[in-house]
Amino acid sequence: MIEVTELTKIFGHRLAIDHLNFKIKAGEIVGFLGPNGAGKSTTMKILTGVMPASSGTAKIAGYDVFDEAREVKKNIGYLPEMPPIYFDMLVDEYLEFVAKLHYVTKSNLKSSIDRSLEKTGLTEVRHRVIGNLSKGYRQRVGLAQALVHDPKVLILDEPTVGLDPVQIIEIRELIKSLAGAHTVVLSTHILPEVTATCERIILINKGTLVSEEMIEDRIMFQMLVKSINENGLKALKSIPGVKDVHSVVGVEEGTISIELNSMQSELRGRLIEVAMQEKMGVLEFSSVKLNLEEIFLKLSAADHAMMEKRA
Ligand SMILES: Nc1ncnc2c1ncn2[C@@H]1O[C@H](COP(=O)(O)OP(=O)(O)O)[C@@H](O)[C@H]1O
Ligand SMILES: [Mg+2]
């Protein structure tokens, strides 16, 4: 649904994004994670046709964002960092204005507005002045304007910034409810935001892709064994697909943690088999989700420290 190839943007001498490559499938909800200045907003602006790339290509639903801008506009909904909301307009008046900008036909206008109001929980406040709504509701209006033409793809740039904790949870839930029917990309510089909302993260730093993975994929196995011996650990480590093996010897039993190169559930049988052969006596076997925080820290340690300083 989204295909980014060697996408590059240069501002003067500053390389904002540097040969970015990634793909996003239909119906996915993906977190675009990276510290401030990583190039998230720039990428989103290019995807939505707000600014041209310096080189490389981006396609939305098969259409080139630059050459087929009109088709792209029909297929994409965008909530920028600073939502373009007119405070003195009524909610439904504003949505009608945005719908027309997105080429919604006259006969579809009413149903489009009604649908986006309903999806964002705004039906009851449709005749209110936007400026009189709470910040959380104004952000719903921002989402409603991104949704009004029922686009296949939603691009949301830091959608919960500036909201209070209750509003954050409400907006996250709302975004989650949109996935499936829409392909959703949301950017954030805050790690918990992706774990709370997304299925997959694309981690970028200084304009380049650091990592791309399913949140569920990063798991490791843990074995509780009767006893640990060096040969046994070596044998486990030599199984193809095993990245590393750590062990902690307890008083009566020991724990072995097995890091994998990628998630392969079929390795479980082999691991248990080898541990038994090596006379370590498997008492328990479990999967442990690697804390995403650790991954984030590992992958962008320097920048994370910088962010902490800024915060
Ligand atoms: N219009 C612009 N002119 C010059 N530099 C820019 C402009 N927009 C962004 N940049 C620079 O590009 C880099 C990426 O910015 P941005 O995409 O906004 O990052 P993020 O959204 O991840 O915080 C930063 O170094 C930023 O200063
Ligand atoms: Mg940004």
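## Strands and the sheet

Two strands pair if DSSP finds at least two bridges between them. Strands here are DSSP runs of E with at least two residues, helices are runs of H or I with at least four, and both are numbered from the N terminus. In this predicted model, local features need pLDDT of at least 70, side-chain atom pairs count only at pLDDT 80 or more, and totals for chains, interfaces and linings use all residues. Residues are numbered from 1 along each chain as its sequence is written, while chains are lettered from A and ligands numbered from 1 in the order in which they are written.

Now look at β1 (residues 2-11): seven bridges join it to β2, and the two run antiparallel. One bridge takes Ile10 to its partner Leu15 in β2. Zoom out and you get an open sheet of four strands, in the order β2-β1-β4-β5, with antiparallel pairing. β2 (14-24) and β5 (63-64) sit at the edges with a single partner strand each, so one side of each has no neighbour in the sheet.

## Two packed helices

Next, find α5 (residues 135-147) and α6 (residues 165-178), which pack at an angle of about 20 degrees with their axes 10 Å apart. Axes are lines fitted to C-alpha atoms, for helices over the stretch in contact, and angles run from 0 to 180 degrees between N-to-C directions. That makes α5 and α6 roughly parallel to each other (angles under 35 degrees count as roughly parallel).

Who touches whom? Lys135, Gly136, Gln139, Arg140 and Leu143 in α5 meet Gln167, Glu170, Ile171 and Leu174 in α6 (contact means C-beta atoms, placed from the backbone, within 7 Å).

Conventions. Parallel < 35°, antiparallel > 145°, perpendicular 65-115°, else oblique. Contact = placed C-beta atoms within 7 Å.
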